[in-house]
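I opened the model to look up its fold, its strand pairings and a few single residues. My notes follow in the order I took them.

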Amino acid sequence: MFKNILSIMFVGTVFTAVAQQPTAAMKSKLAQNQLMTDITLAGSKLVAVGERGHILISEDGEQWQQANVPVNVLLTSIDFKNDNVGFVTGHDATLLKTTDGGLNWSIVNYQPELDKPLLDIKVLNNNVIAVGAYGLFLQSTDAGESWQDSFQDELLIEDDRLYLEELKEFEPDTYIKERQYMLPHFNSINVIGEELYIAGEAGFLANSDVNGADWQVIETDYFGSYFSIVKVEESLLLAGLRGNLFKSEDDGESWRLLNTGVKATINSAFKDSQVTYFFANSGNVFYTLDNEVINNYVLDDGKAVMAGVVLNNFVYLATEAGIKKVPTSEFTSNKARD
């Protein structure tokens with residue numbers, strides 16, 4: 001049963017809804033073998049998202065049920081507040097919410113006219129932040145009941161910031177148009193301790209307190225895109241294009257390159273109790289047990305690995321060719337390179 005769908009437009013910084021009806025995702029027996037972009041846990045359940053609006057749920061990692069989803073766009077990320085309440089991002093600035101553990105989803109935001117994807121979402125108690133292309137930044141402080149969009153002008157380079165300030169004062173209409181493409185793509189948002197980190201294109205990295213205010217740019221001396229950052233013990237590990245993986249032991253003041261041995265773009269990271277995983281293109285899963293030596297596990301099919309999560313002694317992978325699983329025993333020893 002499908003309800004009349006409402007999409008969202010921005011007026012100032014607050015959402016208002018206008019009538020628009022996207023196409024719902026179709027059910028497919030082959031969904032679990034198609035492109036999946038992210039996977040997470042909702043309590044003890046696995047929930048994965050992917051192309052054509054597919055959202056899959058499993059209690060055991062073997063049998064998968066397809067959720068009811070009101071859009072058929074490529075979905076990009078998923079995160080849950082608790083066993084029941086979760087959020088998904090996707091293309092066409094899509095933002096979805098569930099309150100029943102992922103079985104049914106409703107639209108929070110849907111703006112195909114923007115031609116911008118939302119790329120990542122993180123939930124920290126009642127604070128929910130979604131980020132995307134050209135600095136898209138949507139935030140809720142009440143667990144998704146209401147939302148605002150923000151333009152993080154403190155993250156602009158100085159010349160662009162001054163240019164927009166002048167436009168805002170003298171040409172407000174032009175200011176709104178110009179600022180749409182001034183910020184870089186925000187590829188991921190990560191929660192590390194009491195801070196938030198955004199990793200993005202062209203060497204972009206920034207952090208803030210957990211409320212998402214007063215962002216500061218972190219210089220890394222690298223100009224390729226970053227896709228994930230994770231903290232392991234007292235070190236930050238920052239991953240991106242062509243297998244580049246950087247380590248900082250001084251809270252981002254300086255960085256050094258770790259040797260992954262393979263030039264495969266790292267799409268995301270996941271830290272388990274013993275192992276830190278980095279999921280990469282061409283079937284690569286980089287992993288480390290000691291925060292220094294980087295090992296490599298390669299899937300036989302060579303398909304891109306987009307994300308992963310650990311449950312019941314298996315690593316469940318969202319890949320270009322669907323959902324796969326690998327025993328965690330494959331990742332519990334360092335295998336030094338030649």
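I began with terms. Helices (H or I, at least four residues) and strands (E, at least two) are DSSP runs, numbered from the N terminus. Two strands pair if DSSP finds at least two bridges between them.

**Ground rules.** This is a predicted model, with residues numbered from 1 along each chain as its sequence is written. Local features need pLDDT of at least 70, side-chain atom pairs count only at pLDDT 80 or more, totals for chains, interfaces and linings use all residues, and side-chain values use heavy atoms, with hydrogens and water left out.

**Hairpin, strands 20 and 21.** I started with strand 20 (residues 235-240). Four bridges join strand 20 to strand 21, and the two run antiparallel. L236 sits opposite S248 of strand 21. The two strands make a hairpin with four residues between them. In that turn R242 has a positive phi of about 50°.

Next I checked the side chains of strand 21. Which way do they point? L245 and K247 go one way, F246 and S248 the other, and all are buried (under 20% relative accessible area; exposed is over 50%, partly exposed in between; 1.4 Å probe, protein chains only). In a regular strand the side chains alternate between the two faces of the sheet.

I then followed strand 21 to its other partner. Strand 21 pairs with strand 22 in the antiparallel sense over three bridges. K247 stands opposite R256 there. The loop between strand 21 (245-248) and strand 22 (256-258) holds D251. D251 has a positive phi of about 60° although it is not a glycine.

**N125.** I looked up another positive phi. N125 has one of about 60° and is not a glycine. Most residues other than glycine have a negative phi. N125 lies in the loop between strand 11 (118-124) and strand 12 (127-132). Its relative accessibility is 60%, so N125 counts as exposed.

**D120.** I stepped back into strand 11, where D120 is found. Is D120 buried or exposed? D120 is buried, at 7% relative accessibility. Contact here means heavy atoms within 4.5 Å.

**Strands 15 and 16.** Six of its seven residues are buried, so strand 15 is largely enclosed by the rest of the structure. Six bridges join strand 15 to strand 16 (residues 195-200), running antiparallel. I189 has I198 as its bridge partner in strand 16. The pair forms a hairpin with two residues between the strands. G193 in the turn has a positive phi of about 60°.

**Sheet 27-28-29.** Three strands form an open sheet in the order 27-28-29, paired antiparallel. Strand 27 (305-311) and strand 29 (322-327) are at the edges with a single partner strand each, so one side of each has no neighbour in the sheet. Neighbouring strands are turned by 25° against each other on average, direction ignored. Those axes are lines fitted to C-alpha atoms, for helices over the stretch in contact, with angles from 0 to 180 degrees between N-to-C directions. Strand 27 and strand 28 (residues 314-319) share six bridges. L311 stands opposite F314.

**Q34.** I checked the loop between strand 2 (14-19) and strand 3 (36-42), where Q34 lies. Q34 counts as buried, at 17% relative accessibility. Beyond four places in sequence, the contacts of Q34 include S28, R52, H54, T319 and G322.

**Whole chain.** The protein chain has two helices and 29 strands. Of its 338 residues, 53% count as buried. The C-alpha trace spans about 60 × 50 × 30 Å along its principal axes. Among contacts between residues at least 6 apart in sequence, 44% join residues at least 24 apart.
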